[in-house]
Amino acid sequence: MMLDTYLAIDFGAGSGRVMAGFVSAGMVDLEEIYRFPNRQVKLGNHLYWDFPALFADMKQGISKAVRRGYHIKGIGIDTWGVDFGLIDKKGNLLSNPVCYRDSRTNGLPEEFFAGTDVSQHYAEAGIQVMAINTLFQLYSLKKEGDVTLEIADRLLFMPDLFSYFLTGTANNEYSIASTSELLDARSRTWNWPLIHQLGLPGHLFGEIVMPGTVRGQLKQDVAAELGLDYEVDVIAVGSHDTASAVFTVGLGTGCSVSADTDAVLESVAPATSLRHAFLSSGTWSLLGIELDEPVLTEEARLSGFTNEGGVGGKIRFLQNITGLWILQRLIAQWGENQKETEYDALISAAELAEITSVIDVDDPAFACPADMEVAIAHYCRTHELQVPSTQGEYVRCVLNSLAQRYKRGIEQLNRLLPAPVEALHIIGGGCRNKLLNRLTEEALGIPVYAGPVEATAIGNILVQALAKGEIADRREIKGII
């Protein structure tokens with residue numbers, strides 16, 4: 001008898017993976033089926049994602065699950081935000097998607113808002129203005145007279161694009177579309193006046209579907225290629241990876257970062273008693289809270305908050321903060337110079353470091369410097385701070401700075417909420433950094449819970465199980481997690 005499974009296809013900026021999820025007996029079990037690299041490719045004047053290679057890797061992962069004898073009940077796909085591909089009327093991909101780190105949008109927000117009221121714009125879109133956003137990527141194409149805009153039939157964000165080539169059905173999932181800066185935050189639909197202002201063809205923007213919607217079934221030729229002789233649903237999950245991860249917050253997941261090993265079972269995060277904020281910790285840090293409706297005030301805009309879509313039509317009210325990117329770049333640089341790169345060793349060295357310097361992690365100087373060590377040292381000298389001199393001191397400086405940035409974010413969040421946040425829940429790969437977790441709890445002065453590491457995959461799989469009726473509602477999920 002084949003074992004029923006859901007497949008969570010999770011694409012990150014550095015790698016992708018295919019995870020199998022088994023929902024039974026009040027438990028979710030995960031198995032990593034296949035992991036593969038994701039890279040950015042410089043070609044001509046632009047930085048691209050290698051979509052055909054990623055699609056082939058995804059299919060290879062699905063095939064591996066089939067060969068293991070699993071019966072696939074559903075497939076859900078989540079990715080990073082803002083990036084997209086364009087397809088023509090015959091369903092052909094017109095170009096590899098351009099990476100959000102491409103320079104084509106530099107300076108465009110300032111140019112666009114020279115003639116547009118940014119406050120009024122935020123009151124409609126509710127999204128933090130960032131040059132990487134889809135709005136400015138499309139504005140760049142329009143300015144350049146890019147021919148792909150003229151022949152494109154549909155715009156598909158990255159998870160929409162993967163889903164389209166699996167099913168042949170083109171639509172836009174809500175949570176990923178919300179990262180574009182092209183939705184009306186209140187109505188959860190396209191902001192047509194803005195789209196017309198940009199001079200973009202309206203037919204590019206298709207039906208918006210909510211997480212939990214069956215997008216379609218695998219095409220027969222794809223199913224045959226993968227070794228499947230039965231129908232498999234491709235399900236819209238929280239297709240922005242953070243939307244899937246945040247779906248698990250406040251459901252009883254995670255353990256107190258201050259608990260010792262013997263007390264872990266007694267320190268699991270309460271499912272309902274505390275008002276939880278979330279911190280999705282990875283290359284980026286996304287700090288915020290789930291709300292029923294957006295917060296579109298001028299104070300929210302000036303504080304750098306964004307209103308992105310979540311599962312169940314929720315709003316993820318959050319700040320985009322530079323996360324572990326700075327540390328990741330340091331470690332990569334140290335590797336090139338034959339220095340220590342073992343993560344645990346670096347964290348142990350940071351534990352012993354006494355440096356108290358705090359840098360502004362969101363300063364543009366740290367966005368993509370040629371040498372991250374030099375950038376940090378220069379910042380410290382120009383701000384009359386102690387300059388790190390060892391690897392441990394560099395790591396401690398970065399972690400101190402992140403903890404203090406999270407403190408400022410929570411303080412800003414509390415000013416915009418009717419009641420203050422009572423606990424912080426850290427999810428994602430960064431929740432394994434025990435020193436950062438402890439420094440964060442010390443800075444915030446409220447309980448901090450960490451885990452699960454695999455929040456994105458768990459959220460992805462649970463939304464599929466809801467869509468298929470295997471789980472009745474969110475209340476039942478609390479018992480499962």
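Where is the place of Gln 338?

Okay, ground rules, quickly. What we have here is a predicted model, where local features need pLDDT of at least 70, side-chain atom pairs count only at pLDDT 80 or more, and totals for chains, interfaces and linings use all residues. Residues are numbered from 1 along each chain as its sequence is written, and side-chain values use heavy atoms, with hydrogens and water left out.

So, Gln 338: it sits in the loop between α12 and α13 (343-352). When I say helix or strand, I mean DSSP runs numbered from the N terminus, with helices being H or I of at least four residues and strands being E of at least two. Gln 338 isn't a glycine, yet it has a positive phi of about 60°. It is also exposed, at a relative accessible area of 69%. For those words, buried is under 20% relative accessible area, exposed is over 50%, and partly exposed is in between, using a 1.4 Å probe and protein chains only.

Now look at Arg 188. It has a positive phi of about 60° too, and again it is not a glycine. You'll find Arg 188 in the loop between β10 and β11 (189-190). Buried or exposed, this Arg 188? Buried, with a relative accessible area of 12%.

Pro 452 belongs to the loop between β21 (448-450) and α17 (455-467).

Let's zoom out to the domains. The assignment for the chain gives domain 1 (3-243 + 457-480) and domain 2 (254-283 + 323-451); bounds like these come from an automatic or database domain assignment. Between the C-alpha centres of domain 1 and domain 2 there are 29 Å.

What about the inside? A nonpolar core is a set of buried Ala, Val, Leu, Ile, Met, Phe, Trp, Tyr and Cys residues joined through side-chain atoms within 4.5 Å. The largest one has 82 residues, and Phe 317 and Ile 376 touch the most other members. Helix α15 (residues 391-416) brings the largest share of this core, 11 residues. Domain 1 and domain 2 each put at least three residues into this core.

Pick out Ile 376 on the screen. Leaving aside residues up to four places away in sequence, Ile 376 touches Ile 326, Leu 330, Ile 359, Phe 366, Pro 388, Tyr 394, Cys 397 and Val 398, where contact means heavy atoms within 4.5 Å. Apart from that core lies another, of 41 residues, including Leu 7, Ile 9, Ile 33 and Tyr 100.

Next up, empty space. Rolling a probe the size of a water molecule over the atoms shows where empty space is left. We use a 1 Å grid over the protein atoms alone: a cavity is a set of points where a 1.4 Å probe fits but cannot get out, a pocket is an open set with protein on both sides within 12 Å along at least five of seven lines, and lining residues have an atom within 4 Å of a point. A volume is the space filled by probe spheres set on the points, which are joined across faces, edges and corners.

How many cavities of 30 Å³ or more does the structure hold? There is 1. The largest cavity has a volume of about 60 Å³.

The largest pocket holds about 1500 Å³ of space. It is lined by 48 residues, and closest to its centre are Gly 12, Ala 13, Gly 282, Thr 283 and Trp 284. α12 gives the most to this lining, with 4 residues. Domain 1 and domain 2 each supply at least three residues of the lining of the largest pocket.

The second largest pocket has about 650 Å³ of space. Its lining has 27 residues, with Met 130, Trp 284, Thr 322, Asp 362 and Ala 367 nearest the centre. Why does the second largest pocket lie between domain 1 and domain 2? Because both domains give residues to its lining. That's me done, thanks!
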